[in-house]
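Visitor: I would like to learn how to read the features of this fold. Please take me through them one at a time.

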Amino acid sequence: MKAVAHFLTHANLLSYRYDEYMLSKGITNEPEPQQPSVSKFLDICVGQYSMNHPQQKAITNGILEKLVIECNMPLSVVEHKSFRDFLKIVDPKYNSVCRKTLTSKTETVAGLRRDKLKTQLSNSDSVSVTADIWSDRRMRGFLGVTVHYMEIDQDNIQLKSNLLACDRFKGSHTGQRICEQFEAICHEYDIKSKLDYVITDNAANMRKAFTVGFPSEEGEVHDDDHLDDPELWHDLSPDNQEVVDAAMARKQRLQCFAHTLQLVVGDGLKDTKVTTSSLSKLSKLSSLLHTSTTFKEEFEAVYGERNSIPAAVNTRWNSTLRQVQAALRCDHLKLSSYLEKVGHRELTFTAREGSLLKELVDILKPFAEATDMTQGEKLVTISSVVPSVLALNHHLEKMIPQVRFLGSLVRSLQESLKNRFLGIFVNVKMATAQYGTTVPFSDPVYLKAAALGPAFALYWVDHHEGDEYLEEEGLFAAYCKRQRKDANTTPALQLSHDLNLCEGQSVLSFWAMHMKALPSLFRVAIRVLAVPATSAPVERVFSHGGIIMWPHRAQMTDRLLANLIFCKCNARL
């Protein structure tokens, strides 16, 4: 009994000391948390989307199409920690993908859109294209080709414009190599047999590239315009010659209207020395506003933060026009006082120079209006070419007795206009050309398009015969404000009466309404009016390429860049 009693005493004592020891260590007798079971671990994994889950695919495709392609974000954004944290907030179940996965999906998206474009083009009977070459920041060449056609859906007509390719172009940019790659693109989309027109600028390699496949306009005003082999077709047998002629019968290269109009203005400014001093002062003033913070702050204190004078770009004459217009909006007295205050009195415009600049704006403003009107992509532009040229000629004739300082500029512009658009003046019987020669802009597509456009019909035919509309404003004021007369007076008004033209009516809306009433004209209209007047659509593609490949993305591969440009320009396919 004593032994048992001693044992119990020591046991109780040790238990008490053991409890004190455990408390001193911060250890309690509460049950320890159990290790997560396998089932709980599986539940966590099941909570994440699999790669084939519809929501996983939707978010990944949304990142690619909405952020990378449409918002021009770099593909590497998906590997950024902050972006992944953001995705966890948006959807905790989403599994972030890597840049390599997104790159491969870019190739897939481009392939799907390419296939869809091929299907759409297979339903069209005729197409026209624009083509040009662009160099990126790393001086890698890319050949861009856009396609333009009409899509008819029951009672609706849409002018479609898509990018066929903006592919890497290696090697020298000779006409032969351009032609070879262009034909490969046409073969890929199976459009060579239905191709009507190719619109390019006046570069020598572009002219030569389409000389063989497309009849050239021999009267173009340019340098070094000749074929490498002038006897190219002489070795063909009569049978083969007939085959070639038949294949080329519906194909024609057209000059870019906007580029040619720019050359006209360039000719006028180059031959007019009286504007040199004023434009030089204006250029220096604009340069100071973009290089000197002090000069800029003082200018804004006088005219406000939103007023400035933009810089001029040598290759775009309309930038000079915008620069002059911005300067004229500044109060002359305030500007003179301001320039004298900041120590640049030499840049002050005299009263004569101010009047000269106002004359310059009055002369060139209609040229800018014509340029802007014909560079659209989602609207019909070729119908404005003939009315624009004749209206500009009429404008220059009207300005001759009105100008005080720039008479030489007006005469130079009118001479260049008639030389570079001689075909139009010949076709409307306002000029003559040497027999047997082809002159620029002589293709009948321009006259057909102008006649089939309800905004003009044939009112432009006798636009130059009267001065009763001299007080109207705008390049096409005489066309739009002309009063209707008896339909039996002239052929022009008879055609207008027969087509039941409405003032200001949209071209596509008009032909959608009258496609059944005028079936013969409708077939001509949808083929002619789909031709773009300028090569601006393909140049717009290159602008997208420059935005995509900003300086921090200069290591982008040419294939990835081509796919991103293609997807960006065909986002609505």
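**Reading the fold**

Guide: Start with a helix pair: helix 10 and helix 11 (residues 293–303) pack at an angle of about 105 degrees, with their axes 6 Å apart. Helices (H or I, at least four residues) and strands (E, at least two) are DSSP runs, numbered from the N terminus. Axes are lines fitted to C-alpha atoms, for helices over the stretch in contact, and angles run from 0 to 180 degrees between N-to-C directions.

Visitor: What kind of model is this, and how are residues numbered?

Guide: This is a predicted model: local features need pLDDT of at least 70, side-chain atom pairs count only at pLDDT 80 or more, and totals for chains, interfaces and linings use all residues. Residues are numbered from 1 along each chain as its sequence is written, and side-chain values use heavy atoms, with hydrogens and water left out.

Visitor: How should I name the angle between helix 10 and helix 11?

Guide: Angles under 35 degrees count as roughly parallel, over 145 as roughly antiparallel, 65 to 115 as roughly perpendicular and the rest as oblique. Helix 10 and helix 11 are therefore roughly perpendicular to each other. Contact means heavy atoms within 4.5 Å. On helix 10, Leu285, Leu288, Leu289 and Thr291 make the contact; on helix 11, Thr293, Phe295, Lys296 and Phe299 do.

Visitor: Which residue classes make up the contact of helix 10 with helix 11?

Guide: Ala, Val, Leu, Ile, Met, Phe, Trp, Tyr, Cys and Pro count as nonpolar, Asp, Glu, Lys and Arg as charged, and the others, Gly among them, as polar. This contact has five nonpolar residues, two polar and one charged.

Visitor: At what angle do helix 10 and helix 14 cross?

Guide: Roughly 95 degrees, where the axes of helix 10 (residues 276–291) and helix 14 come within 10 Å. Helix 10 and helix 14 are therefore roughly perpendicular to each other. Ser277, Ser278, Leu279 and Lys281 of helix 10 meet Glu353, Leu356, Leu357 and Leu360 of helix 14. The classes here are four nonpolar, two polar and two charged.

Visitor: Which residues bring helix 15 and helix 18 together?

Guide: Val385, Val386 and Pro387 in helix 15 meet Tyr446, Leu447 and Ala450 in helix 18. This contact has six nonpolar, no polar and no charged residues. The axes of helix 15 (residues 385–399) and helix 18 (residues 445–452) come within 7 Å and cross at roughly 95 degrees.

Visitor: Now the sheet. What is the strand order?

Guide: Strands of a sheet pair through backbone hydrogen bonds, either parallel or antiparallel. Two strands pair if DSSP finds at least two bridges between them. Here an open sheet of five strands has the order 3-2-1-4-5, with mixed pairing. Strand 3 (156–168) and strand 5 (252–255) stand at the edges, each with a single partner strand, so one side of each lacks a neighbour in the sheet. From one strand to the next, the twist averages 25 degrees.

Visitor: How many bridges join strand 1 to strand 2?

Guide: Eight bridges join strand 1 (residues 127–135) to strand 2 (residues 141–153), and the two run antiparallel. Asp132 stands opposite Gly144 in strand 2. Strand 2 and strand 3 are also antiparallel, joined by 12 bridges. Asp153 has Asn156 in strand 3 as its bridge partner. Two residues lie between the strands of this hairpin, where Gln154 takes a positive phi near 55 degrees.

Visitor: What lies across strand 1, strand 2 and strand 3?

Guide: Helix 5 (residues 99–122), running at about 135 degrees to strand 3.

Visitor: Which residues touch the most other members of the largest nonpolar core?

Guide: A nonpolar core is a set of buried Ala, Val, Leu, Ile, Met, Phe, Trp, Tyr and Cys residues joined through side-chain atoms within 4.5 Å. Buried means under 20% relative accessible area, exposed over 50%, partly exposed in between (1.4 Å probe, protein chains only). The largest core has 80 residues; Ile363, Leu364, Phe367, Leu417, Phe421 and Trp511 touch the most other members. Helix 14 (residues 351–373) gives the most to this core, with nine residues. A second, separate core of 57 residues includes Ile69, Val127, Ile133 and Ile565.

Visitor: Is Leu417 buried or exposed?

Guide: Leu417 counts as buried, at 0% relative accessibility. Leu417 is found in helix 16 (residues 407–420). Beyond its neighbours within four places in sequence, Leu417 contacts Leu261, Val264, Val389, Leu392, Asn393, Leu396 and Phe425.
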